[in-house]
Amino acid sequence: MGFKGTKQEKKEVYDRKMVDLLETYSKALICAADNVGSNQLQQIRRGLRPESVVLMGKNTLMKRTIRTYAEKSGNTTVLSLMPLLVGNVGLIFTKGDLKEVREEVAKYKVGAPARVGLVAPIDVTIPPGSTGLDPSQTSFFQVLNIPTKINKGTVEIVSSVELIKKGEKVGSSEAALLAKLGIRPFSYGLVVQMVYDDGSVFDPAVLDLTEDDLVGRFAAGVSAVAALSLAIGYPTLAAASHYFLNSYKNVLAVALATDYSYPQAETVKEYLKDPSKFAVAASEAPAASEAPAAKVEEETKAEPEEESDDDMGLSLFD
């Protein structure tokens, strides 16, 4: 049973309820509630309890409550909710994980028929196949230019047809045909439009970002800062490693062009004087790895020879 009282008393009760929610919760989802029935809304409320609370109401009343609460409490962060209260929207206050709450809300969608004058939220396509209608119903298909044929006493659609496009209004013929075919093409529920988190407002797509996405974007930002730093000659921490490497290249180039030298430069100078050392250095590694095996093989071969010599020296027939 709802609260029984005057209009002013109902507003006061609603105001106290919303103020309590603003003080208790720091996170909320702003949801569009177009074409959502009261029964469906009750199911959503039950499914989100106890961590979340759904609050619906007139936008003017919610804005007035938020403004008054911000003035009295000094909590101005809630004012960022006011620009979001446009159209048929509601608030879901929650203490749980925002992504999990959004996924839970998405479960409560119900199918709906295509009503005349309704703006289609999606494209509606009729698949080919038998409709189960008798041949006298072909007039509906002819009006909509849908190719059909009679097969085993029923009307059969020859090929798939795009009946309604997204954003178009549903006509009377389209609505009647879909009703005869028993097709409920649309589904409605609370749709999360924006996310509020302790004063910050952002798109719900942010909730889908993973740690890998954040690391990738951070790395891309660091690369951009480093590139800009190098281009304009302004030193930054992101470009420090590049500056050190370029400086070392300059020092090495000076050492190669002059008599000045240091241990690391000596190695490079030797390679430049005799490029064949590159091949020698490359061949030394496999040769070194083969040396122990060769040594073991030689020792193995040497052992039988020593035994045979001992045997010849200790023969009983000498």
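## Starting point: T65

T65 sits in helix α3; helices here are DSSP runs of H or I with at least four residues, strands are runs of E with at least two, and both are numbered from the N terminus. With a relative accessibility of 1%, T65 counts as buried (buried means under 20% relative accessible area, exposed over 50%, and partly exposed in between, with a 1.4 Å probe and protein chains only). Setting aside neighbours within four places in sequence, T65 is in contact with D15, M18 and V19, where contact means heavy atoms within 4.5 Å.

Before going further, a word on the model. This is a predicted model, in which local features need pLDDT of at least 70 and side-chain atom pairs count only at pLDDT 80 or more, while totals for chains, interfaces and linings use all residues. Residues are numbered from 1 along each chain as its sequence is written, and side-chain values use heavy atoms, with hydrogens and water left out.

## The protein as a whole

The protein has 10 helices and 12 strands. Of its 318 residues, 28% are buried. Among contacts with a separation of 6 or more, 68% are between residues 24 or more positions apart.

## Helices α1 and α3

Two packed helices are described by the angle between their axes and the distance between the axes. Helix α1 (residues 7-24) packs with helix α3 (residues 59-73) at an angle of about 55°, and their axes are 10 Å apart. The axes are lines fitted to C-alpha atoms, for helices over the stretch in contact, and angles run from 0 to 180 degrees between N-to-C directions. α1 and α3 are therefore oblique to each other (angles under 35 degrees count as roughly parallel, over 145 as roughly antiparallel, 65 to 115 as roughly perpendicular, and the rest as oblique).

The crossing of α1 with α3 is right-handed; a crossing gets that name if the near helix is turned clockwise from the far one by less than a right angle, and is left-handed if anticlockwise. On the α1 side the contact involves K11, Y14, D15, M18, V19, L22 and E23, and these meet L61, M62, T65, I66 and Y69 of α3. Sorted by class, the contact of α1 with α3 has 8 nonpolar, 1 polar and 3 charged residues (Ala, Val, Leu, Ile, Met, Phe, Trp, Tyr, Cys and Pro count as nonpolar, Asp, Glu, Lys and Arg as charged, and the others, Gly among them, as polar).

## Helices α8 and α9

Another helix pair is found at α8 (residues 240-257) and α9 (residues 263-273), which pack at an angle of about 55° with axes 10 Å apart. That angle makes α8 oblique to α9, and the crossing of the two is right-handed. From α8, the residues making the contact are Y248, L252, A255 and L256, and from α9 they are Q264, A265, V268, K269 and L272. By class, the contact of α8 with α9 has 7 nonpolar, 1 polar and 1 charged residues.

## The two sides of α2

Helix α2 (residues 38-48) has Q40, L41, I44, R45 and L48 buried. These residues lie on the same side of α2 because they cover an arc of only 145° around the axis, an arc taken from the directions from the helix axis to the C-beta atoms. N39 and R46, on the other side of α2, are exposed. The cover over the buried residues of α2 includes β2 (52-55), β3 (89-94), α4 (98-106), β4 (110-112) and β10 (186-188).

Y108 belongs to the loop between α4 and β4. Its C-alpha atom is 7.5 Å from that of Q43, although the two are 65 residues apart in sequence. Beyond neighbours within four places in sequence, Y108 is in contact with Q40, Q43, I44, G47, Y188 and G189.

## Backbone points to look at

Most residues other than glycine have a negative phi, and most peptide bonds are trans. R49 and P50 are joined by a cis peptide bond, with omega of about 0°, and P50 is in the loop between α2 and β2.

N35, in the loop between β1 (27-32) and α2, has a positive phi near 60° and is partly exposed at 45% relative accessible area. D198 also has a positive phi, of about 55°, although it is not a glycine. D198 lies in the loop between β11 (191-197) and β12 (200-202) and is exposed, with a relative accessible area of 53%.
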